[in-house]
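Hi,

Here is the structure I said I would pass on. Have a look at it first, and my notes follow below.

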Amino acid sequence: MPRKDPKKYLIRQSNTLSFSRHNLNALEKRIVYLLISRIKPDDINFQEYSFTVRELLAGIEIGSDNHSYLRDTTESLLSKVYQIPTEDGGLLQISPISSAEYDKNNTTVSFSFDPKMRPHYLELKQNYTQFQLNIVIGLKSVYSQKLYEMAKSIANKGDPSVRHSLAEWRYLLFIEPEEYKLYADMKRYVFQTAQRELDEKTDIHLEFKEEKAGKRVNWLWMEVHKIDSEETRQAWTKQTKFNQLPKKVREGLLLNSGATGKHSLGDVSANAAARQKAIAEAEGMGLFDKKFDQPGQDDDPAEE
DNA sequence: TAAAGGGAACCCGGAAAAGG
DNA sequence: CCTTTTCCGGGTTCCCTTTA
C-alpha cells in the first residue's frame, strides 16, 4: 500500500542484529529506530544523520520538550551495547551509535554509526529484516520491540517458529537473573504483555507453546503469524484476551459453551466450536474491556 | 520546582494444580 | 497423598506527566 506518509519509513537490519542481545530501554530504542529509518536501501556508507531536537522529541513521542532529558537519553544510549555474534563464531560488542553531536544552539543533533555496523544496516541483500517505522515507534515495552524484531526476521520462513530454553530467552531479552525469578511473572509481564501489544499495534501475532521438564516449564516455542487484515487482527486479539483471562473464568465459559472433558479444556485445538462460542460470550460480557489504551494520537495506518 | 496523579513493573504469599 | 511449581490478586515501588 504505497502511501507517501513520512512515518512510513522502512527499517532494515540484518537478521543477526534482530536476534542480538542488548540493554537499550524502550526510549533509546525508539531513537535508534528513527536513525535507522533514515538509511536508504542503496546507501553504500553511513552518513551523518541530523535531526532537529524538536522533531526527535516528537518522533519518539515523549510529552516533554525537555532538552536536558534528550541529552541524558542520548548519553545513556552511548553507554549501551549490542552483543552481536560474528560469522567466525566470535562476538562483537558495539554501541548502537558512535556519537551524538548537538549544535551550539541546541536545536539539532547529528548521529553517527560505527563502521563495524555496516553489515547490519547497509547493502543488505539477504538474511535481513524489514519493518515499518510507524509500527515499531509506538511500542511501549522493550520486550515487544525485541520480540517483534525477532518475529519479523523469521516471519517469511517456511516454519516461522523458534524454540529456546528459558535461559536462552532470558539471555536474548536481557533479563537479569534477579528479574522475574518466577516463570509465571516472566510469562505475564514479558510474553503476554508483548503478545497483547503486538496483536493491537503490529502486523504480527505471537503464539507461545510451553514445554516442560517434569512440572517445570523449561522451553518456550514462539510461533509467528502474520496479521494481514483487520478481521485477522480482531480474531487474534479476541483469542489472546480470552486465553489471558483467569483460568477459572476461562474454564467456566468453556464448560458453559459446551466444551467437554476437563482434560481438554487447556487444549487449544480441542473443542474449537465451544471455544468460539466462549470467546463471543466473554466479549459480550465485557470481559475484554478491562484496559489497554491505545496511544492513538497520530493517524492510524488503517491498513488496506 | 514541587507535589500529586497514574500507570506499569515488580514482588509476595496463599491457593490451586500438576506431576510423581 | 506429598512436593514442587504455577496461578493470580493485591500491595509497593518507581518513573513519568500533569497540575498547581
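Which residues of H2 and H7 meet each other? On the H2 side they are Ala26, Lys29, Arg30 and Tyr33, and on the H7 side Val142, Gln145 and Glu149. Before going further, please keep in mind that this is a predicted model.

Staying with that pair for a moment: the axes of H2 and H7 come within 9 Å and cross at roughly 45°. An angle between 35 and 65 degrees falls in the oblique class, so H2 and H7 are oblique to each other. Sorted by class, their contact has three nonpolar, one polar and three charged residues.

One residue there is worth a click. Lys29 sits in helix H2, which covers residues 26–36. Is Lys29 buried or exposed? With a relative accessible area of 1%, Lys29 is buried, because anything under 20% counts as such. Its side chain makes a polar contact with the side chain of Tyr82, at 2.7 Å. Setting aside neighbours within four places in sequence, Lys29 touches His22, Leu24, Tyr82, Gln145 and Glu149.

Now for the sheet. Three strands form an open sheet in the order E9-E11-E10, and the pairing is antiparallel. Strand E9 (161–165) and strand E10 (204–213) are at the edges, each pairing on one side only. On average, neighbouring strands of this sheet are turned by 20° against each other, direction ignored. E10 and strand E11 (residues 216–226) run antiparallel and are joined by 10 bridges.

Helix H7 (residues 142–154) touches E9, E10 and E11, and its direction makes about 100° with that of E10. Helix H9 (residues 183–201) touches E10 and E11, with its direction at about 160° to that of E10.

Last, another helix pair. How do H10 and H12 pack? Helix H10 (residues 230–243) and helix H12 (residues 272–284) have their axes 10 Å apart, at an angle of about 85°, so H10 and H12 are roughly perpendicular to each other. From H10, Lys238, Gln239, Phe242 and Asn243 meet Arg275, Ala278, Ile279, Ala282 and Glu283 in H12. By class, that contact has four nonpolar, two polar and three charged residues.

Best wishes

Notes
Residues are numbered from 1 along each chain as its sequence is written. Chains are lettered from A and ligands numbered from 1 in the order in which they are written. This is a predicted model: local features need pLDDT of at least 70, side-chain atom pairs count only at pLDDT 80 or more; totals for chains, interfaces and linings use all residues. Side-chain values use heavy atoms; hydrogens and water are left out. Two strands pair if DSSP finds at least two bridges between them. Helices (H or I, at least four residues) and strands (E, at least two) are DSSP runs, numbered from the N terminus. Axes are lines fitted to C-alpha atoms, for helices over the stretch in contact, and angles run from 0 to 180 degrees between N-to-C directions. Contact means heavy atoms within 4.5 Å. Angles under 35 degrees count as roughly parallel, over 145 as roughly antiparallel, 65 to 115 as roughly perpendicular and the rest as oblique. Ala, Val, Leu, Ile, Met, Phe, Trp, Tyr, Cys and Pro count as nonpolar, Asp, Glu, Lys and Arg as charged, and the others, Gly among them, as polar. Buried means under 20% relative accessible area, exposed over 50%, partly exposed in between (1.4 Å probe, protein chains only). A polar contact is a pair of N or O atoms within 3.5 Å; within protein, one must be able to donate a hydrogen and the other to accept it, and residues adjacent in sequence count only if both atoms are side-chain atoms.
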